[in-house]
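Please look through the structure shown here before reading on. The paragraphs that follow lead from a sheet to the cores, a helix and the charged pairs.

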Amino acid sequence: MNDAIRVEDLGKRYRIGGMPSGYRTLRDALASSLRRLSRRESPPSKDTIWALRHINFNVERGQVLGIVGRNGAGKSTLLKLLSRVTDPTEGKAEIYGRVGSLLEVGTGFHPELTGRENIYLNGAILGMKRAEIERKFDEIVDFAEVRKFIDTPVKRYSSGMYLRLAFGVAAHLEPEILVVDEVLAVGDAEFQRKCLGKMSDVAQEGRTVLFVSHNMSAILRLTEETIVLDKGEIVMRGPTPEAVDFYMTSEMARSGERRWEPGDDYQTDNPFHPLAIRVLDSQGRVADRVLSSEDFSVEFEYELQEELTGLRVGVYLATSRGEQVFTSFDTDNPETYERLTDRRKGHYISKCRIPRDLLNGGVFIIGVNASSFRIRSYFTDEHALTFTVDPTGAPGSQWAEPRRGPVRPALNWEITEVVA
Amino acid sequence: MNQTTQSLEKQETEQLTVIQPTRGWAWIDLRELWRYRELVYFLVWRDVKVRYKQTLLGAAWAILKPFLSMVIFTVIFSGLANLDTDGAPPPVFYFSGLLPWVLFQDGVAKAGNSLVTGSSLITKVYFPRIAIPLASVLAGVVDFALAFVVLIGMMIYYGVRPTEAVWTLPLFLLLALVTALGVGLWLSALNVQYRDVGYVTPFLLQAWMFASPVVYSATLIPEGWARIAFGLNPMAGVVQGFRWAILGVGEPPSELIILSILMAVFLLISGMLYFKRMERTFADVV
């Protein structure tokens, strides 16, 4: 009886197709209702998909529950249902207490208003009473470290200040149930550390937290139990280490290649269309498993619908535990940058070779990013593909022991005997 | 000790929220809206503040807009067309008609667009959605108050004394707000589904202005059915009544004002019902 959240058979169906840009014109509506009248057809069911279905779970008061799953698995839909942003299509959820959501920090921030004004506005939007905001005001300002600029319009803030302020307001909301979606994907390491700290404070105060993230190390650190969502259903619930392992290994079923269909994870009016990302072994074959002792490549195939200026396409490499290993862009080299930073409309492959004797054995995650520095990010998927590195033949293989760290470079050692 | 009582209090106030599909017609939860009254206040405050921060002339626009319209109306309708202004100085006549009209017009136009411009809020945070169009309508009251000061100045200048019926002014103001909210709710909810609304609204408002006695006197409307049709437009009652209350010109509101009130209440209630029905899909379609 001590549940904070009880979810029974919850489901959400979305209509797709027919409304490419999300809304209809009156003409379409009139035309389709006339058609329906004349032919007496019911609205076609193939135009709908279940983003979430048959979801059952409960969360005890004070529990921190992790939710993991690929893009499109239904995580965001679940959080939107629980924070009442959208209505379910079927089922029921009971929630005891106030829900505060960090679905996106800075919601309702207005660039023309000052930091002080935005704290009040944003607090009210998130459901705080004015007296409550006044009480927390100093704490929020200190958390955000913006005291000097509190009466400056936030459009003049650096992105770091903006984020800290936005997170500060949301984090001081003190709801009984806090819903957090991927806030930690933004900001620098210091900011992330701060956010994680604030979140574990919240958890220690006995409040319930639902935490959605692609960052496995954050999930492992903050949660004890985790739900794995796939295609709108719960495929696993268990202690976090087990759930993360389950999730990471099921990811490997993707066999070294990931393709995007038009509209998957991106808007079709976006000029950058990702097509596929692949891991190729030393023979150039698509592989989900490569040897640490051989070179291999990562290639990213995409289409530009128009000429883009300042474009860079690159990869992030991270371990399955969420530690970042490196970031590399296709125009890092100054000479390539001169030649290809402006790219014509067309079909491209950006391919990079990853040298042998660099990575340690284990599961790695490739993220992709296509952006124009400080102008626009066209496409990001922090979790585009996973692959496994086999350490057979790596430096030090004569000792059958796992090595620490994500890299396992072949280094030149010099051994000198020092004679006294 | 203190902390225990606090946490006990918290336990008691902890409310149960049941989330499940809603079907059919439902009534707007006014108690919930009351709980969110501070949000409405902050949204109004934001609208006003941002408008005055972003524009060069700031608050002056609240006065300039009706003032310039008044100058144009005076030149064309009184100067050229020689329309009767019930014996009031034409500038005062037009300005006093424009005040409640602009309050209505801006309220409807802003409320109609409010959900679309506020889509980032709607898709991220829960609150009673009606707070958004409501705040858009209420924000116009600030502009109204500024322009009202100018009206007082003009009345002093032209030597027009307010009547004893001036106490009824807030009632006409309320009627204008109720009508604006009713129409605004309809348009905002329709606008989420059909962006055509954005194109229709300016025409609707223009036609509506000529159907209301802003540029002419209500005494021009012939008796009989035409009068009743005229009374169906709540803004006709508002503009006519507003002038009568403050300038003492034209006819006092007749039984027709009851028709206007009924119509305004009908617009508000139907608007709320439609809004509530569509509300659950806002976040998915907007």
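In what order do the six strands of the open sheet in chain A follow one another? In this predicted model, the order is β5-β6-β7-β3-β8-β9 of chain A, and the pairing is mixed. At the edges stand β5 (99-102) and β9 (233-239) of chain A, each of which pairs on one side only. Neighbouring strands of the sheet are turned against each other by 20° on average, direction ignored.

Within this sheet, strand β3 (residues 64-69) of chain A runs parallel to strand β7 (residues 208-212) of chain A, and four bridges join the two. I67(A) stands opposite V212(A) in β7(A). Helix α2 (residues 75-82) of chain A lies across β3, β5, β6 (177-181), β7 and β8 (225-230) of chain A. The direction of helix α2 of chain A is at about 140° to β3(A).

The nonpolar interior comes next. In soluble globular proteins, nonpolar side chains tend to be buried together. The largest nonpolar core here has 141 residues, of which I119(A), L165(A) and F104(B) touch the most other members. Leaving aside residues up to four places away in sequence, I119(A) touches I133(A), F137(A), I140(A), V141(A), I150(A), L165(A) and V169(A). Another core, of 27 residues, lies apart from the largest one and includes F272(A), F296(A), V315(A) and I366(A).

In chain B, helix α12 (residues 256-279) has 24 residues. From its first C-alpha to its last, helix α12 of chain B reaches 34 Å, close to the 34 Å expected at 1.5 Å a residue. Among the buried residues of α12(B) are I257(B), L267(B), L268(B), M272(B), F275(B) and E279(B).

H54(A), which is not a glycine, has a positive phi near 55°. H54(A) has its place in strand β2 (residues 48-60) of chain A and is partly exposed, with a relative accessible area of 43%. R374(A), also not a glycine, has a positive phi of about 65°. R374(A) lies in the loop between β17 (362-372) and β18 (376-390) of chain A, and is exposed at a relative accessible area of 76%.

The last topic is charge. Side chains of opposite charge can pair when their charged atoms come close. Over all chains, 30 salt bridges are found. One of them brings together the side chains of R258(A) and D381(A), at 3.1 Å from N to O. Because R258(A) lies in strand β10 (residues 257-259) of chain A and D381(A) in strand β18 of chain A, the pair ties together parts that are 123 residues apart in sequence. R258(A) is buried, with a relative accessible area of 9%, and D381(A) is buried as well, at 2%.

In chain B, R51(B) forms a salt bridge with D143(B), the closest N and O atoms being 2.8 Å apart. This pair links distant parts of the chain, with R51(B) in helix α3 (residues 37-54) and D143(B) in helix α7 (residues 131-158), 92 residues apart. R51(B) counts as partly exposed at 22% relative accessibility, whereas D143(B) counts as buried at 11%.

A further salt bridge joins the side chains of K92(A) and E94(A), at 3.6 Å from N to O. K92(A) is partly exposed, with a relative accessible area of 28%, while E94(A) is buried, at 13%. Salt bridges also link E257(A), R259(A), R278(A), E299(A) and E301(A) in a network.

Terms used
Residues are numbered from 1 along each chain as its sequence is written. Chains are lettered from A and ligands numbered from 1 in the order in which they are written. This is a predicted model: local features need pLDDT of at least 70, side-chain atom pairs count only at pLDDT 80 or more; totals for chains, interfaces and linings use all residues. Side-chain values use heavy atoms; hydrogens and water are left out. A nonpolar core is a set of buried Ala, Val, Leu, Ile, Met, Phe, Trp, Tyr and Cys residues joined through side-chain atoms within 4.5 Å. Buried means under 20% relative accessible area, exposed over 50%, partly exposed in between (1.4 Å probe, protein chains only). Contact means heavy atoms within 4.5 Å. Two strands pair if DSSP finds at least two bridges between them. Axes are lines fitted to C-alpha atoms, for helices over the stretch in contact, and angles run from 0 to 180 degrees between N-to-C directions. The expected span of a helix is 1.5 Å times one less than its number of residues. A salt bridge is a side-chain nitrogen of Lys or Arg within 4 Å of a carboxyl oxygen of Asp or Glu.
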